[in-house]
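Subject: Structure handover

Hello,

Here is the structure for you to look through. My notes follow below it.

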Amino acid sequence: EGKIPRSRIITWEPTEEFVRNNHVLNNPVQTMYIMGDLGPYGKLGKREDEYVLCTIKMDNNGVLSIKPDFSGSKPAYRIETEGEKKDLWLYTINNASVTVQKEDQEREKHLFKDVRKDCFS
């Protein structure tokens, strides 16, 4: 009575078996990575110095997900580089979007609907 079950409510990275057993819908997604070259000055462009700062995904229903989340009032995210010289990088992720007017939202919704209809039919 009044107890919360101790099961995991959110599974961030489900296994294939979890997806099969729990009938998870598998929506196609488009993924974009925001990367940073954190190599030493003058030695930029090496693959081992590239780090993913943020991953943005959008599924075919228009659901947008950002990982890690916007920083807000939370402390900055941290990346410690590997290699000959270890550096500590701190960064934040902020939503810098301008508020969209209602009529522009409607126009965009219809545009996405038309694009999805063309792409997925």
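Contact here means heavy atoms within 4.5 Å. By that criterion, and leaving aside neighbours within four places in sequence, Ile 93 is in contact with Leu 53, Cys 54, Pro 68, Asp 69, Phe 70, Ser 71, Gly 72 and Tyr 77. Please keep in mind that this is a predicted model.

Now the overall layout. The chain has two helices and five strands. From the N terminus on, the order is α-β-β-β-β-β-α. Of the 121 residues in the chain, 13% are buried. The exposed surface comes to about 11100 Å², with carbon and sulfur atoms supplying 53% of it. Among contacts between residues at least 6 apart in sequence, 35% join residues at least 24 apart.

Next, the core. The largest nonpolar core has nine residues: Leu 38, Tyr 51, Leu 53, Cys 54, Ile 56, Tyr 77, Ile 79, Tyr 91 and Ile 93. Strand 2 (50-59) and strand 4 are the elements that give two or more residues to this core. Strand 2 has the largest share, four residues.

Last, the aromatics. A search of the whole structure finds one aromatic pair. Tyr 77 and Tyr 91 form this pair, which is tilted, at 5.7 Å centre to centre and 40° between the planes. Tyr 77 lies in strand 4 (residues 77-80) and Tyr 91 in strand 5 (residues 88-91), so the pair ties together parts that are 14 residues apart in sequence. Tyr 91 has a relative accessible area of 18%. The cut-off for buried is under 20%, so Tyr 91 counts as buried.

Best regards

Key. Residues numbered from 1 in each chain as written. Predicted model: local features only at pLDDT ≥ 70, side-chain atom pairs only at ≥ 80, totals over all residues. Heavy atoms only, no water. Buried < 20%, exposed > 50% of the residue type's maximum accessible area, 1.4 Å probe, protein only. Areas by Shrake-Rupley, 256 points an atom, 1.4 Å probe, with all protein chains shown as cover. Phe/Tyr/Trp six-rings, centres within 6.5 Å; stacked < 30°, edge-to-face > 60°. Core = buried A, V, L, I, M, F, W, Y, C linked by side-chain atoms within 4.5 Å.
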